[in-house]
Amino acid sequence: MASDATSEPDDCIIVGAGPAGLTAAIYLARYHLSIRMFDCGSSRAGLIPTSHNHAGFPDGINGKDLLNRMYTQAHRYGAIREQVKVEHLAQAGDCFVVGTDQGTYRARSVLLATGVVNHRPTNLPDDVHDAALGAGMLRYCPVCDGFEVTDRRVAVVGTSDHGTAEAMFLRGYTADLTLVSPHGDHDLDDACRRKLADAGVTVVAGPCGGWQIEGARLGFETGEGRMRFDSVYPAMGSHIRSELAEAAGAKLSDEGCIAVGDHMETSVSGLFAAGDVVIGLDQISHAMGQAGVAATAIRNHLAEKRPIRR
């Protein structure tokens, strides 16, 4: 049930139950703190078919399986994941007021682990997207799985500096690489064009459309005809879910990420953040490490105001 103005506030509310939020929940529950964990069910980790670079799983692990394991561990210590959407966050005296689609809650501290959402190519049907993602024909994180496309035929859908940077990163894995503009002509300055030409990256105009799985490849229309690739990486940026932090008065970076200090606290005392919403590195291990730092800082922050004793 939602808390009211007279009920005791929670020690911490965690917003987001991806790798960062779940790691924080494990720590905070083991610190004997009263916590809530709100999640709308859209963690990007759940989209990973198999993660091969997450330490401790030499045969790889499915993203949903990893999240379920982490939640089982957090739940063992009393953490509960509540399927609600947080719509508003504000500071009210010594507490935070967290407004959701199922009621309003109060907490002495808040940890935002809301992550980011990748921009998908337009005209890519959901069924094709999901099937291609599951088969490794569509990928979003070259840091995570560039190894899997070694010497394969790969396309990067993007342009400008961002698309160029992703293509150059993937050039370390394969020579058969094409940069396709998502919309029409490329937006590439002379420096980008020189880099791509020197690296042997083929540059093709868009727009992209007519997406279909064709055998073992993902095919789509381009400005130079239909093309098919073993794997396609959209490099179209992402939406950083930092709106709650901004609403609470926290500072953001120029890119829109939540600005934090060494202990993952924002510019608002008692408000913390961890994971890709802080820096979009797209790495589970990094998000988990930040969450461990944030959870310990939250515990110490609360202890300064009221000693934690059994």
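Predicted model: local features only at pLDDT ≥ 70, side-chain atom pairs only at ≥ 80, totals over all residues.

A search of the whole structure finds one disulfide, and it is formed by cysteine 141 and cysteine 144, whose sulfur atoms lie 2.4 Å apart. The torsion about their S-S bond is about 75°, so this disulfide is right-handed. Of the two partners, cysteine 141 is buried, at a relative accessible area of 11%, while cysteine 144 is partly exposed, at 22%.

Cysteine 95, by contrast, takes part in no disulfide, and the nearest cysteine sulfur, which belongs to cysteine 12, is 12 Å away; with 10% relative accessibility, cysteine 95 counts as buried. Cysteine 192 is likewise in no disulfide, the nearest cysteine sulfur being that of cysteine 208, 18 Å away, and because its relative accessibility is 5%, cysteine 192 counts as buried.

Let me turn now to the sheet, which is open and has three strands in the order E11-E12-E13, with antiparallel pairing. Strand E11 (209-214) and strand E13 (225-229) stand at the edges with a single partner strand each, so one side of each has no neighbour in the sheet. Four bridges join E11 to the antiparallel strand E12, residues 217-222, and glutamate 214 stands opposite arginine 217 in E12. Finally, helix H3, residues 126-134, packs on this sheet and touches both E11 and E12, its direction making about 45° with that of E11.

How values were computed. Residues numbered from 1 in each chain as written. Heavy atoms only, no water. Disulfide = S-S within 2.5 Å. Buried < 20%, exposed > 50% of the residue type's maximum accessible area, 1.4 Å probe, protein only. Pairing = 2+ DSSP bridges. Helix = DSSP H or I, 4+ residues; strand = E, 2+ residues; numbered from the N terminus. Contact = heavy atoms within 4.5 Å. Axes fitted to C-alpha atoms, helices over the stretch in contact; angles between N-to-C directions.
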